[in-house]
Amino acid sequence: MTHKALSTCEKYKLLEDGGTVLVALSGGADSTALLHFLYSVKEKYNLTILAAHLNHGIRGEEADRDERFCKILCEKYNIPFYSKTLDIPALSKQRGVSEELCGRDERYAFLGTLAEAHNARIATAHNADDNAETLIFNLARGSSLRGAAGIPPKRGRIIRPLIEVTRAQIEEYCAENGLDFVTDSTNLGDEYTRNKIRHHVIPVLRELNPSFEAAVTRFTDTAAEVSDYLDIQADAALTAAETDYGYFADRLLDNHPAVLKTAINILLKKYYIQTDSKKLGLIADILRNGGAAELSREYTAVCRRNIFCIAGSGSPEMPEVELRGSVSFSFIDKLVAASIDNSNKENKILIFRTRREGDMFSFQKRNITKSLGKALREIGVPSKLRDSVICLCEGSVVLWCEALGYSTQGKIYTQNQNLTIELNGEKCYDVTQGR
């Protein structure tokens, strides 16, 4: 086991010289072996080792026994030990989620807080068997390619030195090194989905291939590589299709379907929208044909005039900002800085705000005046975003609009009163002159 775990650490650069590692310690064979392994290579990497245990409050005296075991084990190796007790059954009912999910979330929250405080990496004892179980679980749910990649050896602060080691090798390591450990009784039954996979599915697959876990590791490694490559291609596709108010639909559609689906997944994750095949199908349809599709209570996918975006269901209100001398303000993710020479002003009030009914915009060099809504529609700004476009207005006359630039009247202000406007640090010019 030691050789395999060291190989994994080197291959994925899991340990850094002089670093601090926080071990997620349950007291079971896996985490006990992990703690002992890291302790054995402590001098090699000049490590500082910490350990943490979350008592879920599910198994009564057995859970208290596990916590005591972990504390005594850490005292034996002079490793600082942190513990926390929670009533997971009560919390899971309160949140309307399973005890398994609630316990996992609280465990990682506890570990994350400690890791942040100690600038530590979090070492969990996930192994090759866990990786195989996760793959089967994900495939049964109809997972994407990323799900087929299994459990990553490294994700953010989290490292998994035993991810290529089988459970049998871990138990052999414990026996060779005289390591005691505790057994979680909930792992013996079939109440949890993973236990059903472990007790009934994996043994059959192992009959077909005695080296099933090693085969799964090779498969998930390949899936992870392909998934990483698709992420790179999808990021490039999004960058190439990006425009001020979303993405050009035709440019997205020019990509291979696998890249397009990955790009859509990336966009949905930015808005914390859960991805499924139905949403992917809806978005692909509106990219081709236009229209809108509700993704959640908060967000809608919209495609109009070849511009695709994910828009909030409601537009935030922007307070009015009067322009006198110099002013700067932010709205949503936009930063505006503006200045004007008021020395020859004619008591005219200039206001930064979002659009209103009756706002009019005059295009330079075209001698055409249109309603602001129609002007924005003509250049492809999605309807969901039009009400959040920032304008500088004198009454209902639009002097400047972030999507259109300066109007005919706004140009006069730039010439006579040195009106200048910067959006997100870039000076705005007469972008409408050629329209």
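**Aromatic rings in a predicted model**

Colleague: Which residues do ring pairs link into a cluster?

Modeller: Phe329, Phe352 and Trp400 are joined by ring pairs into a cluster. Keep in mind that this is a predicted model.

Colleague: How many aromatic pairs does the count come to?

Modeller: The count comes to four aromatic pairs. In one of them, the ring centres of phenylalanine 329 and phenylalanine 352 are 5.3 Å apart and the planes meet at 55°, so this pair is tilted.

Colleague: Where in the chain are phenylalanine 329 and phenylalanine 352?

Modeller: Phenylalanine 329 is in strand β13, residues 326–331, and phenylalanine 352 is in strand β15, residues 351–354. The two are 23 residues apart, and their pair links distant parts of the chain.

Colleague: Are phenylalanine 329 and phenylalanine 352 buried or exposed?

Modeller: Both phenylalanine 329 and phenylalanine 352 are buried.

Colleague: What about phenylalanine 361 and phenylalanine 363, what kind of aromatic pair do they form?

Modeller: An edge-to-face one, with 5.1 Å from centre to centre and 75° between the planes.

Colleague: Why is phenylalanine 361 called buried?

Modeller: Buried means under 20% relative accessible area, and phenylalanine 361 has 0%, so it counts as buried. Phenylalanine 363 is buried too, with a relative accessible area of 2%.

Colleague: Changing topic: which residue lies over the face of tyrosine 45?

Modeller: Lysine 44 does, at 5.5 Å from the ring centre.

Colleague: And which one lies over the face of tyrosine 108?

Modeller: That is arginine 107, at 5.6 Å from the ring centre.

Key: Residues are numbered from 1 along each chain as its sequence is written. This is a predicted model: local features need pLDDT of at least 70, side-chain atom pairs count only at pLDDT 80 or more; totals for chains, interfaces and linings use all residues. Side-chain values use heavy atoms; hydrogens and water are left out. Rings of Phe, Tyr and Trp (its six-membered ring) pair if their centres lie within 6.5 Å; planes under 30 degrees apart count as stacked, over 60 as edge-to-face and the rest as tilted. Helices (H or I, at least four residues) and strands (E, at least two) are DSSP runs, numbered from the N terminus. Buried means under 20% relative accessible area, exposed over 50%, partly exposed in between (1.4 Å probe, protein chains only). A charge sits over a ring if NZ of Lys or CZ of Arg is within 6 Å of the ring centre and within 35 degrees of the ring normal.
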